[in-house]
Amino acid sequence: MSERIGDYSAAERNKRPIFEALVEHLSQARAVLEVGAGDATHARYALERLPHCVWQTSEAPGHHRRLVAALADSADHRLPRPLALDVRAAWPAGPYDAVFGANVAHIMDWAAVEALFAGAATVLRPAGRLCLYGPFLRRGETPRPGNATFDAALRDRDPAMGLREIEALNALAQQQGLVALDDIAMPSDNRLLIWQKSGDRSF
Ligand SMILES: C[S@@+](CC[C@H](N)C(=O)[O-])C[C@H]1O[C@@H](n2cnc3c(N)ncnc32)[C@H](O)[C@@H]1O
């Protein structure tokens with residue numbers, strides 16, 4: 001995780017394990033929307049691991065220009081021009097086979113996390129997947145020291161930020177018709193959480 005917003009060096013370290021896990025889940029995906037895409041490190045790597053995907057990046061309007069600049073050298077049609085997307089505002093029409101976000105849920109306030117699940121449920125095709133990577137907590141479990149320290153530091157900086165409980169995210173998902181599909185342990189006490197929209201399209 002980037003300890004500071006705007007410091008995307010963690011993405012370079014975590015991209016490999018994230019996509020080792022994601023390839024299985026997104027092998028049939030052709031259109032993916034990434035929220036809070038940062039400097040597009042994951043997006044660029046996604047195309048190496050998922051070469052059949054069109055990976056639509058997006059960023060909150062305040063960070064959008066930096067993302068556009070980060071992809072300015074790319075002429076690859078699989079990396080279309082980034083969208084300015086605040087998850088609390090209007091979403092693109094879609095549909096997408098998957099929505100991906102890395103290290104976003106603990107940066108967004110809870111209203112934005114709710115909007116993320118609602119927006120994803122709207123733009124996903126039947127059987128599409130919402131995939132969130134990052135540090136998460138489990139209700140009733142003592143967090144690992146690194147996550148506890150990180151959570152405290154985030155809340156110190158902004159009380160609206162903080163590591164999210166998987167159970168609370170599952171409840172949001174359920175409200176939006178998304179079913180918990182996988183929960184994969186990742187290096188450094190991070191996790192990759194995957195929910196699937198109802199529907200029977202083979203994926
Ligand atoms: C810690 S950074 C992670 C960036 C990138 N995904 C990575 O892993 O390097 C969190 C990102 O969430 C984005 N973000 C925060 N609130 C948002 C919102 N309401 N809508 C969309 N993106 C948001 C920020 O702009 C920021 O780029």
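The model described below is a predicted one.

**Nonpolar cores**

- The largest nonpolar core comprises 29 residues, and W91, V99, F117, L130 and W195 have the most contacts inside it.
- Two or more residues of this core come from each of strand 1 (31-35), strand 4 (96-102), helix 4 (110-123), strand 5 (124-134), helix 6 (166-175) and strand 9 (190-197).
- The greatest contribution is that of helix 4, which supplies seven residues to this core.
- Another core, of 28 residues, lies apart from the largest one, and L26, A29, Y45 and A102 are among its members.
- Beyond its neighbours within four places in sequence, W195 is in contact with a set of residues that includes F117, L130, L132, L169, A173 and L181.
- The contacts of W195 also include G128, R129 and N170, again leaving aside neighbours within four places in sequence.

**Helix 4 and helix 6**

- Helix 4 and helix 6 have axes that come within 9 Å of each other and cross at roughly 45°.
- Because of that angle, helix 4 counts as oblique to helix 6.
- The crossing of these two helices, helix 4 and helix 6, is right-handed.
- On the side of helix 4, the contact is formed by W110, V113, E114 and F117; on the side of helix 6, it is formed by A168, L169, L172 and A173.
- Sorted by class, this contact between helix 4 and helix 6 holds seven nonpolar residues, no polar residues and one charged residue.

**Helix 1 and helix 2**

- Helix 1 (residues 9-26) packs with helix 2 (residues 41-49) at an angle of about 40°, and their axes are 10 Å apart.
- Helix 1 is therefore oblique to helix 2.
- The crossing in which helix 1 passes helix 2 is right-handed.
- From helix 1, the residues A11, E12, N14, K15, R16, I18, F19, E20 and V23 take part, and they meet T41, H42, Y45, A46 and R49 of helix 2.
- By class, the contact of helix 1 with helix 2 has six nonpolar, three polar and five charged residues.

**Backbone positions in loops**

- The peptide bond that leads from G94 to P95 is cis, and its omega is near 0°.
- N103 is not a glycine, yet its phi is positive, at about 55°.
- The loop between strand 4 and helix 4 contains N103, and N103 counts as buried because its relative accessibility is 11%, where the limit for a buried residue is under 20%.
- S188, also a residue other than glycine, has a positive phi near 60°.
- S188 is placed in the loop between strand 8 (178-186) and strand 9, and S188 counts as exposed because its relative accessibility is 63%, where exposed means over 50%.

**I107 in its loop**

- I107 is found in the loop between strand 4 and helix 4.
- With a relative accessibility of 24%, I107 counts as partly exposed.
- From I107 to G119 there are 12 residues in sequence and 17 Å in space, C-alpha to C-alpha.

Notes. Residues are numbered from 1 along each chain as its sequence is written. This is a predicted model: local features need pLDDT of at least 70, side-chain atom pairs count only at pLDDT 80 or more; totals for chains, interfaces and linings use all residues. Side-chain values use heavy atoms; hydrogens and water are left out. A nonpolar core is a set of buried Ala, Val, Leu, Ile, Met, Phe, Trp, Tyr and Cys residues joined through side-chain atoms within 4.5 Å. Buried means under 20% relative accessible area, exposed over 50%, partly exposed in between (1.4 Å probe, protein chains only). Helices (H or I, at least four residues) and strands (E, at least two) are DSSP runs, numbered from the N terminus. Contact means heavy atoms within 4.5 Å. Axes are lines fitted to C-alpha atoms, for helices over the stretch in contact, and angles run from 0 to 180 degrees between N-to-C directions. Angles under 35 degrees count as roughly parallel, over 145 as roughly antiparallel, 65 to 115 as roughly perpendicular and the rest as oblique. A crossing is left-handed if the near helix is turned anticlockwise from the far one by less than a right angle, and right-handed if clockwise. Ala, Val, Leu, Ile, Met, Phe, Trp, Tyr, Cys and Pro count as nonpolar, Asp, Glu, Lys and Arg as charged, and the others, Gly among them, as polar.
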